[in-house]
Amino acid sequence: MQDNKHELKVLMLDAGTGFYRMQRYRVGDFFGPVDLGIHLAYKHNALTIGAGLLAGSVFPGSNRLIFAGISPCWHGFYVSSMGGAALVFDNLGINMLSLVGKALHPSLLYLNRDHGEEIEVELIQVVSEQVWESGRQGVYAVMEHAIRLFGSRYEKDPRVLAVGPASRFTDFGAIGSAPVKKGMLTHVDTWAGRGGFCSKLFQEHGLLGIIYGGTHIDEDFRDRSVADEWFQDKFNQRMAAKDMEVTTKYRYDPQFNTGGTFGVNYATMDGDILAFNYRTVYWTQEARRDLHERFILNHYLKQFNEETIETKQQRNCGEPCAAVCKKMHGIFKKDYEPYQTMGPLCGIFDQRAAEQLNHRADQLGFDAISVGGILAWLMDCLDDGLMTPQGLGVDQAPRWDMATFDVVGDSVHNAELGLALLNQMILPDGKIPLQFGARKFARRLSREKGRPVLDRFVYNAFARQGWMVPNQYWTPGAYAPMAITGKYYMHYGRDFLPPRELGRKNASRMLNELILDDLGFCRFHRTWAETLLPDIVENIFGEKDAFLRSITLTASRNTSRNASVFWESTRNMDMVFEFLKNKKQIDGVSHPELARWIEFFTRDKHAAAYEFWYEMHKGIHERLREYPV
Ligand code: SF4
């Protein structure tokens, strides 16, 4: 695979001194950017950026770039990933980059391996504000600037990891990157969105961006006929056929005449729609269905289908993948979760309005899910008069009245309010200071304006200050006390499971997701990947057992430091309580445990929520104990 297929090569770089060296680890002791990442995070507080062992191979989805380290917003060890970006990283001829130290001035890091044995490493000082205000602005301007400065030094197209202003002013900046084609930056931006790693890159390492690439050619696994044999043995299908089958949702699903996470999720959610800062969970099923039909099916989704699906505006993330999950409309890329939090959750149901708000948040380099959750929360407080527009530095309240809601006009109004609120987050003396995170800000507001302000903010809490806006699925799994929340290290099905069982299922999901992340795989290929990957590790490296041991060790290592805090906001509790009631009343589930929990929540919501949360916690530990480490 690599120069020596039994080694992981890690470029250890101190951004403070510019000193670097190559460190080698035996495959078998470590396998990838997560199990080695947690080791380096606790040893050196390093930020690890790396490719999986199978990057550059014939396996579809094998080129995800993985970021691992202690998260500035979650405050625990975190893993975030970016589609396609490891394909170019593989041309450096290393597996990982491990960053420590901080550059004295904001700098761009240049990495290039051009036909030689050595990687060229340079740190170039830049003036961040000047770069952010140039060209396409923000993260896009950083990519453009890096390409302008260094692009001509690369024989093959490089790639840039870019930082936006959100990383300077908040703890939840996201790393943005778009594939470069023939020297030109494309509009297909990809994100390591969660965990605030861009804030880490900027605030702890002084980096505004990293440009990387090269010409190094590894002996990557390219034998398609051997891969086909392995797929035939396991699934009775060749690799391409199996992959096409499992990625249907992300490409185009004829069952729903749409595709991608945006298309399929909105087409199928029915009364599970979450809007107006989750207020819809208190509505009747009829009211939610009415909203879904009128505003989503007949407008928001209809626009998407006409503009993106029917015109086949779809691209890949940079690796030649048949799923083409990147659904575009001109320069705008449409994924479910950003267009949900900065869409219906903020009272926005029109594509033009959502595009403006999402694009600005992207330009600034925010974690889109988290910033959308904050915007929806603040709009909720404004709408209920818990806070004044002036107190947040804006001049209007949202228009959230369903009785008179104008799907285009009011969506535009709410998006404009969202833009004004974003501005307050990135001003040095703005009214929404998030340098130490949204949870700390919520606590301050709660002291000044009263507890109901905090009670409307939906977030998961960790340790003293850690926070994370949950994934946009109305299911208790999204609120479970996992060591890492905000990504799919949990069961997010819509079925009812008693909390102990749900905790166990969450832990199983986490183990499978760790297999994907540690090997740098895209989870959209998970249906075959998590089953077959351990066998592939055996076939190529002879280390299946050690690999699986390393995954369980990583899971239990991280869970042993799980400092998740019980739900601080009553709306978190209500998300679970209303979910349970709906399972019984709407879906007709007759599980005796369900009836017991509903009765308990009705009698004493706080005590029931506490018990439910701890049952999930117990289930997680119980499941992990079943694995020898
Ligand atoms: S499914 Fe999407 S993100 Fe994943 S590898 Fe394919 S194109 Fe990239």
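**Exercise 1.** Which residues of helix α23 are buried?

*Solution.* The model is predicted, so local features need pLDDT of at least 70 and side-chain atom pairs count only at pLDDT 80 or more, while totals for chains, interfaces and linings use all residues. Residues are numbered from 1 along each chain as its sequence is written, and side-chain values use heavy atoms, leaving out hydrogens and water. Take buried as under 20% relative accessible area, with a 1.4 Å probe and protein chains only; helices are DSSP runs (H or I, at least four residues), numbered from the N terminus. The buried residues of α23 are then Ala608, Ala609, Phe612, Trp613, Glu615, Met616, His617, Gly619, Ile620, Arg623 and Leu624. Contact means heavy atoms within 4.5 Å, and these buried residues pack against elements including α18 (499-518), α20 (544-559) and α22 (592-603).

**Exercise 2.** Describe the setting of isoleucine 147.

*Solution.* Begin with its helix, which is α4 (residues 138-150). Isoleucine 147 has a relative accessible area of 14%, and is therefore buried. Leaving out residues up to four places away in sequence, isoleucine 147 touches Ser152, Val160, Val180, Gly183, Leu185 and Ile211. Finally, the C-alpha atoms of isoleucine 147 and proline 158 are separated by 8.1 Å, although the two residues are eleven apart along the chain.

**Exercise 3.** Find which residues have the most contacts inside the largest nonpolar core.

*Solution.* A nonpolar core is a set of buried Ala, Val, Leu, Ile, Met, Phe, Trp, Tyr and Cys residues joined through side-chain atoms within 4.5 Å. The largest has 214 residues, and Phe59 and Ile210 have the most contacts inside it. Helix α14 (residues 368-383) contributes the largest share of this core, eleven residues.

Note on methods: Buried means under 20% relative accessible area, exposed over 50%, partly exposed in between (1.4 Å probe, protein chains only). Helices (H or I, at least four residues) and strands (E, at least two) are DSSP runs, numbered from the N terminus.
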